[in-house]
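Dear colleague,

Please find the structure below, handed over for your study. My notes on what was found in it follow directly after.

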Amino acid sequence: MNWIKSSLLIIIIGLAFTACKVSYSFTGGTLSPDVKTFSVQFFQNRAPLVNPNLSNQFTEDLKEKFRSRTSLDEIVDGEGHLNFSGEITGYQTKALDITSNDIASTNRLTITIRVKFTNEIEPDNDFDKSFSAFEDFDSTKQLTDVENELVDKILEKIIDDIYNQSVVNW
């Protein structure tokens, strides 16, 4: 009799686990299961001060974020369920922390990128907005000496913000 109760309990527990579906995401995304593809259009650099590599670097880094953090297929020629387009609108340096000798002790590099995002499956999540981030550097260094490192850090912040806004819905 004890054996029958134990078997029945195991069957009930097994059915309960197969009947309940729990969805977890280790990448932080909350995409609809109907979203299968994404596309990233080339982001033109329309900033007054132009870094010649920035357009390509940003476009490729944004694609890589979605390739590595989602299981979505990339659409190269055309539009996917998630579409990203826009332009680089700002690339500027600014002096900070002016000392008594009218010399800056710190400079700031700021990048601003306007992104138009459309979600073909859930259009309520569409947006058209600017994302901006900055990094500070010592004024004793030339921008050209630290520019690549700063740009990498800034783009990582901006791309994380875009990812969170479009996929995680933060």
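The buried residues of helix H2 are covered by several elements, including strand E1, strand E2 (44–45), strand E3 (73–74), strand E4 (82–98), strand E5 (104–119) and helix H3 (143–168). Please bear in mind that this is a predicted model.

Helix H2 itself runs over residues 54–69 and has 16 residues. From its first C-alpha to its last, H2 reaches 22 Å, close to the 22 Å expected at 1.5 Å a residue. The buried residues in H2 are Leu54, Ser55, Phe58, Thr59, Leu62, Lys63, Lys65 and Phe66. Seen down the axis of H2, these buried residues fall within an arc of 160°, so they line one face of the helix.

Val40 lies in strand E1 (residues 37–40). Val40 counts as buried because its relative accessible area is 8%, under the cut-off of 20%. Leaving aside residues up to four places away in sequence, Val40 touches Thr59, Leu62, Lys63 and Phe84. Val40 and Asp77 are 37 residues apart in sequence, and their C-alpha atoms are 9.6 Å apart in space.

The second residue is Lys65, which is found in helix H2. Lys65 is also buried, with a relative accessible area of 14%. With residues up to four places away in sequence again not counted, Lys65 touches Thr70, Ile159, Asp160 and Tyr163.

Yours sincerely

Note on methods: Residues are numbered from 1 along each chain as its sequence is written. This is a predicted model: local features need pLDDT of at least 70, side-chain atom pairs count only at pLDDT 80 or more; totals for chains, interfaces and linings use all residues. Side-chain values use heavy atoms; hydrogens and water are left out. Helices (H or I, at least four residues) and strands (E, at least two) are DSSP runs, numbered from the N terminus. Buried means under 20% relative accessible area, exposed over 50%, partly exposed in between (1.4 Å probe, protein chains only). Contact means heavy atoms within 4.5 Å. The expected span of a helix is 1.5 Å times one less than its number of residues. The arc is that of the directions from the helix axis to the C-beta atoms.
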